[in-house]
Amino acid sequence: MAVEFRKIPCVIQRGGTSKGIYLHSRDLPQDEALRTKVILSIFGSPDRRQIDGLGGAEPLTSKVAVIAPSDRPDADVDYTFGAVDLFEPIIDFSGNCGNISSGVGPFAVDEGLVKATGSETVVRIYNTNTDKILKAFVPTLENTTRYVGDFRIDGVPGTASKILLDYCETAGAVSGKLLPTGNPVDKITIPSIGEIEISIVDAANPLVFFRAEDLGFTGTEGPLDPKVLAALDKIELIRGIAAQMIGMVDSAEKARMACPAIPMLAFVSSPSDYTAFTDGAQVKAEDVDLVSRGFYMQEMHKLYAGTGTVCTGTAAMIEGTVVNSVTAKKAFETNIVRIGHPSGVISIEVEVGKTADGFHLKKAAFARTSRRIMEGMVYVPESLFH
């Protein structure tokens, strides 16, 4: 009897406010083109509903983590992140995902790639996308991850154990520079809008920031706001221009296909009150240091990206950026930046130093939670391998 499908071990794991498919590199083809085809099949992409695969039919649940033991002396595991497109046969490997990163440490412990040590195990993760090291401080119990705890993050029901992520070594993740253009602020021209100021900062991932008011926003809009939906083409153009400015593409129009996830983009504004998107809770101006709305894969992020948190907190501490200009003074006194996102607040402890040769990221740490949801076999058509 002909074999129609090949079984591949996988884990579905929530990492922060995202959910992904976590795979061992050893279980995937080594040929890059074939590996991409296999991962697309696992997710059921391209398809808006991802009905024939494990994808969750939205960008925040269409993410893959490929993990292997590391040969590097400064890392325990190698981790490659991929943003799986819903509409095109594309996986964007150009950057990292902070939320999915929070599941890598637990996966490494649970899969026996890293031996648990007491009540907390430090997992050193080499992110192949950005050529950077990050550390995850994973609660452990009897050689496995301890998932149950009383720590809560906005956008995820209930509580879990806290996983601290240290991103202090991720400056210049893609461009090689904390300020890829060398400037805290640059000016660009957008058709029908005119000249606006942007800041491109590269910490954990490169982000381009602009002031909400420059596109006629209040800053507190939600993911389904008609004004935002009507402006998506202009927002994508800003992202494309930034991608061109830092050398990721040779024209802004190519960014959608060549690098749909990176650089990310966000508009920012001063603290104000608003209603959270996911649960209707009230977010108060006094509870945040700035308000931001991030965009990922051409949609407004319903929460906030982990790497976006690192980059936004870093940008807030760099004098002259558009983020710095809207950030409350309290953040500079505490070195804690509280970012108001569509579904609540995320905080990061961050320190940026300045010397004669520019700004330097000294500290960037934030907390997430994770949960192992399912482990098993995913069936992939055998015909893909021939």
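What you see is a predicted model, where local features need pLDDT of at least 70, side-chain atom pairs count only at pLDDT 80 or more, and totals for chains, interfaces and linings use all residues. Residues are numbered from 1 along each chain as its sequence is written, and side-chain values use heavy atoms, with hydrogens and water left out.

When I say strand or helix, I mean a DSSP run, numbered from the N terminus: E with at least two residues for strands, H or I with at least four for helices. Two strands pair if DSSP finds at least two bridges between them.

So, how do S1 and S2 pair? S1 and S2 (residues 18-24) are antiparallel, with 5 bridges. Their hairpin has 2 residues between the strands, and glycine 16 there takes a positive phi near 60 degrees.

S1 has another neighbour too. It runs antiparallel to strand S21 (residues 370-381), and 11 bridges join them. Look for cysteine 10, which stands opposite glycine 376 in S21.

Now go to phenylalanine 5, in strand S1 (residues 5-15). Together with Met377 and Tyr379, Phe5 makes a nonpolar surface patch of about 350 Å². Patch residues have over 30% relative accessible area and no salt bridge; like charges are joined within 9 Å, and nonpolar side chains (Val, Leu, Ile, Met, Phe, Trp, Tyr) within 5 Å. A salt bridge here is a side-chain nitrogen of Lys or Arg within 4 Å of a carboxyl oxygen of Asp or Glu. The areas come from the Shrake-Rupley method with a 1.4 Å probe, and for residues only the protein chains shown count as cover.

For contrast, visit helix H6 (residues 306-316), where 11 of 11 residues are buried. Among them are Val310, Cys311 and Ala316.

Finally, let's zoom out. The chain has 8 helices and 21 strands, and 56% of its 386 residues are buried. Its C-alpha atoms fill a box of roughly 65 × 45 × 45 Å along the principal axes. The chain exposes about 15,900 Å², with carbon and sulfur atoms supplying 51% of that.

Terms used:
Buried < 20%, exposed > 50% of the residue type's maximum accessible area, 1.4 Å probe, protein only.
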